[in-house]
Amino acid sequence: MQKVAILADSIACLTPEMVKQYQLRIVPLNIHFDGTIYRDGVDINSAEAYRLLEKAPDNFASSPASAGEYMDAYREASTRAEGILCLTLSSKLSTLYDMARLAKEDARNELPRTPIEVVDSKTAAVGEGLIVSAAARAAAEGKSLDEVTKVAKSVRDKVNVIGVMETIRHVYRTGRIPKVTAKVGSMLSIKPIFTVTEGVVRIAGLARSKEQAVKRALKMMRREVGASPVHVAVAHAAALKEGEMLKEQISTEFDCVELWLTDFSPIMGYATGTGVLAIAFYTEATM
């Protein structure tokens with residue numbers, strides 16, 4: 001038996017290798033397209049989802065996992081671990097945290113000997129992924145549920161997410177800017193720079209080219225990191241070559257303790273479009 005099993009949702013952008021290495025249980029969100037429901041990462045991979053999104057974005061939608069699906073995940077995890085840590089997408093972006101907590105209440109009766117902690121990551125995508133990664137390492141070291149939860153919360157309080165979009169055309173889907181503004185910005189080839197702060201995605205700046213936007217994002221990262229050792233995750237939305245180039249650039253410029261490349265969640269990609277590059281990071285010195 002493991003001491004602690006780690007659960008996360010499919011928005012966390014974890015690689016298949018990490019899921020296998022740490023025996024993570026991923027609770028998939030649902031993608032709806034033309035009357036069919038696909039479980040994110042189970043019935044459909046990121047590349048396939050982005051193809052559907054590009055084909056007919058108006059037919060693309062998503063829904064969160066239910067409390068019942070979280071309960072199923074708790075049952076499975078309880079067969080191989082003494083305790084469970086469940087990390088979720090920011091509660092300001094989804095009801096996943098509420099669903100996980102509802103399932104935890106049900107588990108009090110069904111799984112009375114299995115303590116469960118549910119933690120709101122207060123971030124998204126690779127930001128959540130870095131928190132999961134840190135918690136998974138702590139669990140693999142044999143730490144207790146309380147200790148693993150403490151690690152997760154410590155990283156949560158320090159992780160930063162900065163991203164660059166290929167276009168502003170789709171941002172109106174978030175309800176944050178009018179559709180006409182997004183259309184005009186798209187015509188001008190504006191490249192938005194976004195952050196995830198306090199659990200919310202915010203536009204942090206605009207650039208006239210992707211290259212300029214990436215330079216600004218790295219400058220923002222440099223300002224936060226300095227010369228400290230840093231944990232980094234890079235995500236791309238159907239832009240593998242650009243993602244690999246960004247990962248290589250970060251590897252050269254920063255003292256990376258951890259650095260991995262993954263797919264940007266297509267569910268978040270609905271509001272960003274393809275071409276997104278996202279960086280999540282936190283410094284080891286502040287741990």
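At roughly how many degrees do the axes of helix H3 and helix H4 cross? The axes of H3 (residues 67-78) and H4 (residues 96-110) cross at roughly 55 degrees and come within 8 Å. Axes here are lines fitted to C-alpha atoms, for helices over the stretch in contact, with angles from 0 to 180 degrees between N-to-C directions.

This is a predicted model, in which local features need pLDDT of at least 70, side-chain atom pairs count only at pLDDT 80 or more, and totals for chains, interfaces and linings use all residues. Residues are numbered from 1 along each chain as its sequence is written, and side-chain values use heavy atoms, with hydrogens and water left out.

**Overall build**

The protein has 10 helices and 13 strands. These are DSSP runs, numbered from the N terminus: helices are H or I with at least four residues, strands are E with at least two. The radius of gyration is 19 Å, close to the 19 Å from the globule rule for 287 residues, so the protein is as compact as a globular protein of that length. That radius is taken over C-alpha atoms, and the rule is 2.2 Å times the number of residues to the power 0.38. Buried residues make up 54% of the 287. Buried means under 20% relative accessible area, exposed over 50%, and partly exposed in between (1.4 Å probe, protein chains only).

| Pair | Axes come within | Crossing angle |
|---|---|---|
| H3 and H4 | 8 Å | roughly 55 degrees |
| H5 and H6 | 8 Å | roughly 155 degrees |

H5 is therefore roughly antiparallel to H6. H3 and H4 are therefore oblique to each other. Angles under 35 degrees count as roughly parallel, over 145 as roughly antiparallel, 65 to 115 as roughly perpendicular and the rest as oblique.

The H3 side of its contact includes Tyr70, Met71 and Tyr74, and the H4 side includes Leu96, Met99 and Ala103. Contact means heavy atoms within 4.5 Å. In the second pair, Leu130 and Ile131 are among the H5 residues, and Val148 and Val151 among those of H6.

**Aspartate 9**

Aspartate 9 lies in strand E1 (residues 2-9). Its relative accessibility is 1%, so aspartate 9 counts as buried. Leaving aside neighbours within four places in sequence, its contacts include Tyr70, Leu96 and Glu128. Tyr70 and Leu96 also take part in the contact of H3 with H4. Arginine 25 is 16 residues from aspartate 9 in sequence and 8.3 Å away in space, C-alpha to C-alpha.
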